[in-house]
Amino acid sequence: MVSLKLQKRLASKVLKCGKKRVWMDPNEINELALANSRNSVRKAVKDGLILKKPVKVHSRWRVRRRNEAKAKGRRSGLGHRKGTKKARTSPQLMWMKRLRVLRRLLKRYREQKKIDKHLYHDLYMKAKGNQFKNKRVLMETIHKEKTDRSRNKTIEDQAAVLRKKNKALRDKRADKQGQRLKERAVGDAPEAQP
């Protein structure tokens, strides 16, 4: 059998593709063996003795299927992990995300007048000090603080009313005692003169 190595190389250059994609007509081997220049190879291409095969399909179907599974949370077990826990998700980024969520909530509540500036500042500093695991815990704390503060306010108001009432009673009692002393002093004075 005749070697068509040269022809294959020339054809790949002419057709601008790899040698694997060059097809030569097996019935015309003798004629192709004579084509030892680029011009003759070009002529063979024109005559249809040499063809350029289509590109083989490189399907991404399996890749897409795997990516869909990963999006659902599959393929992330211990056997698939390469980096450490901290290398896979940075603790710094996790902290920043969490703190930004908490601060955004505090800011929104302050603008909506749900919390006053004093409570805002207290909670802001507590958030900075890592006291709230997540948004839900912060919201629960806000509700608890608000109820505590309102309860304390009502207790203080009641205590103030009671203090005022007691003061009024004390003043009244002191006035009565003062009058009694005056009356006694006036009653005792004429007896002391003779």
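Which backbone oxygen lies 2.9 Å from a polar atom of the side chain of Gln7? In this predicted model, that atom is the backbone oxygen of Ala33.

- Gln7 belongs to helix 1, which spans residues 5-15.
- With a relative accessible area of 4%, Gln7 counts as buried, because the limit for that class is under 20%.
- Apart from neighbours within four places in sequence, the residues in contact with Gln7 are Met24, Leu32, Ala33, Leu34, Ala35 and Val41.

**Packing of helix 6 with helix 7**
- Helix 6 (residues 91-111) packs with helix 7 (residues 117-128) at an angle of about 175°, and their axes are 10 Å apart.
- Angles over 145 degrees count as roughly antiparallel, so helix 6 and helix 7 are assigned to that class.
- Helix 6 contributes Trp95, Leu99, Leu102, Arg103, Leu106, Lys107 and Arg110 to the contact, while helix 7 contributes Tyr120, Leu123, Tyr124, Ala127 and Lys128.
- Eight of these contact residues are nonpolar and four are charged, with no polar residues.

**Confidence of the prediction**
- The mean pLDDT of the chain is 93, and 97% of the residues score at least 70.
- Confidence is highest in helix 4 (residues 61-71), at 98, and lowest in helix 8 (residues 135-192), at a mean of 89.

Key:
Residues numbered from 1 in each chain as written. Predicted model: local features only at pLDDT ≥ 70, side-chain atom pairs only at ≥ 80, totals over all residues. Heavy atoms only, no water. Axes fitted to C-alpha atoms, helices over the stretch in contact; angles between N-to-C directions. Helix = DSSP H or I, 4+ residues; strand = E, 2+ residues; numbered from the N terminus. Parallel < 35°, antiparallel > 145°, perpendicular 65-115°, else oblique. Contact = heavy atoms within 4.5 Å. Nonpolar A, V, L, I, M, F, W, Y, C, P; charged D, E, K, R; others polar. Buried < 20%, exposed > 50% of the residue type's maximum accessible area, 1.4 Å probe, protein only. Polar contact = N/O pair within 3.5 Å; in protein donor to acceptor, adjacent residues only side chain to side chain. pLDDT = per-residue confidence, 0-100.
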